[in-house]
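This briefing is intended for a reader who has the model open and wishes to connect annotated positions with their surroundings.

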Amino acid sequence: HGTSKINAKAHLEIGGCDTVELKETYGTPLYIMDEALVRQRCREYMGAFRESGLTFQVAFASKAFCVMAMCRLVEEEGLSLDVVSEGELYTALQAGFPAKRIHFHGNNKTLAELEMALSAGIGCFVVDNFTELHMLQALAADKGMNVNVLLRVTPGVEAHTHEYISTGQTDSKFGFDIANGSAFEAVQLASECSNLNLLGLHSHIGSQIFEVEGFQLAIERVADFSREVKQKLDVIFKVVNLGGGFGIRYTAEDTPLKVSDYVKSITDAVKTYFADVYAQLPEIWVEPGRSIVGDAGTTLYTVGTMKDIPGVRKYVAVDGGMTDNPRPALYDSKYEATLANRANDPAEETVSIAGKCCESGDMLIWDLELPKANSGDLLAVACTGAYNYAMASNYNRIPRPAVVFVNEGTSDLVVKRESLQDIIAGDLIPERISKQPS
Ligand code: LLP
């Protein structure tokens, strides 16, 4: 998919760059991002919304992959940006992302984060709970500012996805519940806060969702709630943010829709359910993360050791693992992979791909059909663009891999590989602990 293909040397090529050469230049493990595919996904979102005729914003959920080059690319493509921490906000601001197009999320924004975002002049706060509502009003009043807010509501939709990443249900740490009246109370309170400009509502029902029914149901509930609020409080929402969560294809078992079909089902539902709520349809915002960067990412590893347990299983170990891709260990996520340096070789055996961390749970793929792999072969794991670099750790003091953008035969480093010096950069040895070995 994307610009991936097998070249004349039978090597996997991405963005016109031979992965064997990428290994020589940058080493492994290496995150490779197909820049053209990321841009294509951005354009699919923007194009589909334009088609709908609605006023809209598409905000890239930076949590999926937040580095300065990505912020620049997203800005160039005309998208907005969703951030959830001072780290993501800082990255975006340092990359020159216009503050007005940044939306700030999170269920526990600290005072320091709210202040940083206020002084940067960000476009909108997505307020998650009553504590934050009071904090933000007090802070804005203190600074004599007026800030745009959306209220995050839980519409009571349980999206069919992994339990840890479905968030629209009542029992969630996120947002004001519509069903139990707390969302109504929040609207009342926010509209009385003189320094808050209540733009509208936000609803996010989960991630890696394939069925559109969950989104449609959420839109219906948000529309019903908007009607109630208009009648009882005379408050009108200008904006409805429907979050992210659009699924992608990791393996053949996954059955996502095309971006344009997700968008159409959402915009159609907005037109249907809001038709009799307002004279003018609200502005629709969305926050896709995974569906913009997920399938554009490939992780390149070098095969190291092998362990064959006759009649049981053959383990093939690579030079990364749960440190650069914790998703199989965390969510039991499935991936597909190929040998990048012998991309035309037929599959000969079933193996399981292990990482190099010191625990048995560090497995990337169980039961993968591969040609017979040797030490030094390159393994390319597909669809690792979202929540991989973003969730990477230094477990076992393994340095984080480099990230490169590839496009039309050019590769550019966008994140340097961590060095061993980086690993100890923050370490301090207290005076009272002897510095010399005794
Ligand atoms: N908006 C909000 C409020 C969110 O919480 C999220 C994701 C998104 C947008 C973007 O969702 P996406 O389009 O990427 O599905 N680490 C997990 C995914 C956690 C998603 C958290 N929130 C994973 O690796 O699957």
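This is a predicted model: local features need pLDDT of at least 70, side-chain atom pairs count only at pLDDT 80 or more; totals for chains, interfaces and linings use all residues.

Residues are numbered from 1 along each chain as its sequence is written.

**Domains**

- The chain is assigned domain 1 (5–33 + 294–424) and domain 2 (35–293); such bounds come from an automatic or database domain assignment.
- The centres of domain 1 and domain 2, taken over C-alpha atoms, are 33 Å apart.
- Their contact involves 23 residues of domain 1 and 20 residues of domain 2, where two residues are in contact if their C-beta atoms, placed from the backbone, lie within 7 Å.
- On the side of domain 1 that touches domain 2, β20 and β21 (410–415) each supply at least two residues, and the largest share, 4 residues, belongs to β20.
- Helices (H or I, at least four residues) and strands (E, at least two) are DSSP runs, numbered from the N terminus.

**Strand β9 and its partners**

- In strand β9 (residues 147–154), 7 of the 8 residues are buried; a residue is buried if 20 or more other C-beta atoms lie within 10 Å of its own, exposed if 12 or fewer, and partly exposed in between, with C-beta atoms placed from the backbone.
- Strand β8 (residues 124–127) runs parallel to β9 and is joined to β9 by 3 bridges; two strands pair if DSSP finds at least two bridges between them.
- Val127 stands opposite Leu151 of β9.
- A right-handed β-α-β unit is formed by β8, helix α6 (residues 130–143) and β9; right-handed means that, with the strands pointing away from the viewer, the path from the first strand over the helix to the second runs clockwise.
- Strand β11 (residues 196–202) is also parallel to β9, through 6 bridges, and Val149 has Leu198 in β11 as its bridge partner.
- Strand β10 (residues 176–177) is parallel to β9 through 2 bridges, with Thr154 partnered by Asp177 in β10.

**Nonpolar core**

- The largest nonpolar core has 129 residues, and the members that touch the most others are Leu81, Val149, Leu151, Ile219, Ile353, Leu379 and Val404.
- At least three residues of this core come from each of domain 1 and domain 2.
- A nonpolar core is a set of buried Ala, Val, Leu, Ile, Met, Phe, Trp, Tyr and Cys residues joined through C-beta atoms within 7 Å.
- Beyond four places in sequence, the contacts of Leu151 include Val127, Phe176, Ala183 and Leu201.

**A three-stranded sheet**

- An open sheet of 3 strands has the order β1-β2-β3, with antiparallel pairing.
- β1 (5–6) and β3 (17–18) are at the edges, each with a single partner strand, so one side of each lacks a neighbour in the sheet.
- β1 is joined to strand β2 (residues 12–14) by 2 bridges, and Ile6 has Leu12 in β2 as its bridge partner.

**Annotated residues**

- The unreviewed UniProt entry gives "modified residue: N6-(pyridoxal phosphate)lysine" at Lys63; UniProt positions follow the numbering used here, feature names are shortened, and annotations may be inferred rather than shown by experiment.
- Lys63 lies in the loop between β5 (56–61) and α3 (68–76), and counts as buried because 21 C-beta neighbours fall inside 10 Å.
- Beyond four places in sequence, Lys63 touches Val84, Glu88, Gly289 and Ala390.
- One "binding site" listing in the unreviewed UniProt entry includes Glu287 and Tyr387.
- Glu287, in the loop between β13 (283–286) and α10 (290–293), is buried, with 28 other C-beta atoms within 10 Å.
- Tyr387, in the loop between β19 (378–382) and β20 (402–407), is buried, with 25 other C-beta atoms within 10 Å.
- UniProt (unreviewed entry) also places "binding site" at Arg290, Arg327, Tyr331, Glu359 and Tyr387; these span 98 residues in sequence and the farthest two C-alpha atoms are 27.6 Å apart, so they do not all gather at one spot.
- Arg327, in helix α11 (residues 327–331), is partly exposed, with 19 C-beta neighbours inside 10 Å.
- Glu359, in the loop between β17 (349–354) and β18 (363–370), is exposed, with 12 C-beta neighbours inside 10 Å.
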